[in-house]
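Trainee: I would like to learn how to read sheets and helices in a model. Can we work through one together?

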Amino acid sequence: MTYCVGLLLDEGMVLLSDTRTNAGLDNIAIYKKTFVFEQPGERVIAILTAGSLSVTQTTIAKLREAIEDEDATAHTSIMLAPTMLKVAQIIGDTLSGVRQSIDEKMQASKVSTSASMIVAGQRAGGAMRMFLIYPEGNFIEATEDTPFLQIGEHKYGKPILDRVVKPTTSLADAQKAVLLSMDSTLRSNLSVGMPLDMTVIRADDCRVTMRRRIEAGDPQFKAMSEAWSNALRESFVRVTI
């Protein structure tokens, strides 16, 4: 299991993923789940992944292969696609094709090949856009009414996002919101784990503005987690019925 979240705001985009994967209690490993493709100043595309590791890794590999192909076109390469919508379509088609191929080989063992992705980015002259790609290749887009998307074990981290995140939320507050959302998930589900990868993309920069890996025991994350727990306890005591 995993937890990834992306926020689409007026000031930019904030993305966060954990790195834990497991195939049972005695087979836990760390794998990166955030992948960035950028041509600074021209376009930036970030992909967060959840689900079957073989499906997501193969999908990312095929996307890279298509980018590096000397015969790449706007219909095959996400770095040549004319719009972010086309980027989402290319990724969705690739994910769906990989999942179907692997699913055929894994049917006998009944191993899940489900996988999903959050795709966020911007090209020069275009708007920032963020999509949730489903295993079947179809997708939905973040909007002003719902300016965040989640994949993986999302239920524990959703309440704080529902309460505090709006399009006008600052990038600084957005980073705090996704980290507290992750903190709630880490406390409630052992299949999600450190370290964390956070990516910030400021609007119209068309490049990664900030990238940060947060290791277990990070003093800033620990202090924020403790402060949030104390604030919740104090607020709980003050509420009357």
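This is a predicted model: local features need pLDDT of at least 70, side-chain atom pairs count only at pLDDT 80 or more; totals for chains, interfaces and linings use all residues.

Trainee: How many bridges join β1 to β2?

Mentor: Strands are DSSP runs of E with at least two residues, helices runs of H or I with at least four, numbered from the N terminus; two strands pair if DSSP finds at least two bridges between them. Here 5 bridges join the antiparallel β1 and β2, and a hairpin of 3 residues connects them. On β2 and β11 there are 6 bridges, again antiparallel, with Ser-17 opposite Asp-197.

Trainee: In what order do the strands of the open sheet lie?

Mentor: The order is β10-β1-β2-β11-β12, with antiparallel pairing. β10 (148-152) and β12 (210-214) are at the edges with a single partner strand each, so one side of each lacks a neighbour in the sheet.

Trainee: Which way do the residues of β2 point?

Mentor: In a regular strand, side chains alternate between the two faces of the sheet. Gly-12, Val-14 and Leu-16 point one way from β2, and Met-13, Leu-15 and Ser-17 the other. Buried means under 20% relative accessible area, exposed over 50%, and partly exposed in between (1.4 Å probe, protein chains only). In β2, 6 of the 6 residues are buried, so this strand is largely enclosed by the rest of the structure.

Trainee: Which residues of α1 are buried?

Mentor: An α-helix has 3.6 residues a turn, so residues three or four places apart point the same way. In α1 the buried residues are Val-55, Thr-56, Thr-59, Ile-60, Leu-63 and Ala-66. They fall within an arc of 130° (from the directions between helix axis and C-beta atoms), so they line one face of α1. The face turned away from that buried side carries exposed Glu-65 and Glu-68.

Trainee: At what angle do α4 and α5 pack?

Mentor: Axes are lines fitted to C-alpha atoms, for helices over the stretch in contact, and angles run from 0 to 180 degrees between N-to-C directions. α4 and α5 (residues 219-238) pack at about 80°, with axes 10 Å apart. They are therefore roughly perpendicular (65 to 115 degrees; under 35 is roughly parallel, over 145 roughly antiparallel, the rest oblique). Contact means heavy atoms within 4.5 Å; the residues making it include Leu-180 of α4 and Trp-228 of α5.

Notes:
Residues are numbered from 1 along each chain as its sequence is written. Side-chain values use heavy atoms; hydrogens and water are left out.
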